[in-house]
Amino acid sequence: MIYTRPRKVEGKTTRTRLGCGSLYVTVNFDEGRAVEIFSHLGKSGSCTRTLLEAVGRLIGMALQHDVPQDTILKALTGYRCLNTAWEDGVKYDSCLQCVAEALGKEA
């Protein structure tokens, strides 16, 4: 099945404060189904921003081709960054953990 994105979709954005800046992850939905992810990391180098953008695009393609969300979430776990952070009693080891959490909360 080839997914065709409609002109309008609804989304939810989560902000997490990390050691390298605030990460904003937006999960967009089409008919209640997650179909794309966008992320923006403030105060970071261009390499990190570029990699997060690429990860978001790949996740979106996987979602649009019916890859199970659990499979995507498992692929995003286990990564650690030097800039870990705590927010609201939760330890964040990486940007990928934040992306997985944003997607998992919306599942």
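**View 1. Aspartate 93 and arginine 80 meet through their side chains.** The side chain of aspartate 93 makes a polar contact with that of arginine 80, at 3.4 Å. A polar contact here is a pair of N or O atoms within 3.5 Å; within protein, one must be able to donate a hydrogen and the other to accept it, and residues adjacent in sequence count only if both atoms are side-chain atoms. This is a predicted model, in which local features need pLDDT of at least 70 and side-chain atom pairs count only at pLDDT 80 or more, while totals for chains, interfaces and linings use all residues. Residues are numbered from 1 along each chain as its sequence is written, and side-chain values use heavy atoms, with hydrogens and water left out.

Look for aspartate 93 in the loop between strand E5 (90-92) and H3; helices (H or I, at least four residues) and strands (E, at least two) are DSSP runs, numbered from the N terminus. Aspartate 93 counts as buried because its relative accessibility is 18%, where buried means under 20% relative accessible area, exposed over 50% and partly exposed in between (1.4 Å probe, protein chains only). Leaving aside neighbours within four places in sequence, aspartate 93 is in contact (heavy atoms within 4.5 Å) with Tyr79, Arg80, Cys81 and Thr84.

**View 2. Three strands form an open sheet.** The order is E1-E2-E3, and the pairing is antiparallel; two strands pair if DSSP finds at least two bridges between them. Strand E1 (10-18) and strand E3 (33-41) are the edges, each pairing on one side only. On average, neighbouring strands are turned by 20° against each other, direction ignored. Nine bridges join E1 to strand E2 (residues 21-30), and these two strands form a hairpin with two residues between them. Threonine 14 has valine 25, in E2, as its bridge partner.

**View 3. Helix H3 packs on the sheet.** H3 (residues 95-105) touches E1, E2 and E3, and its direction makes about 35° with that of E2. The angle is taken between N-to-C directions, from 0 to 180 degrees, with axes as lines fitted to C-alpha atoms, for helices over the stretch in contact. Buried residues of H3 include Leu96, Val99 and Leu103. At the N-terminal end, serine 94 caps H3, with a side-chain oxygen 3.4 Å from the backbone nitrogen of leucine 96.

**View 4. Cysteines without a disulfide.** With a disulfide taken as a pair of cysteine sulfur atoms within 2.5 Å, the count is zero. The sulfur of cysteine 20 is too far for a bond, because the closest cysteine sulfur, in cysteine 95, is 4.8 Å away. For cysteine 98, the nearest cysteine sulfur is that of cysteine 95, at 6.2 Å. Cysteine 98 is buried, with a relative accessible area of 3%.
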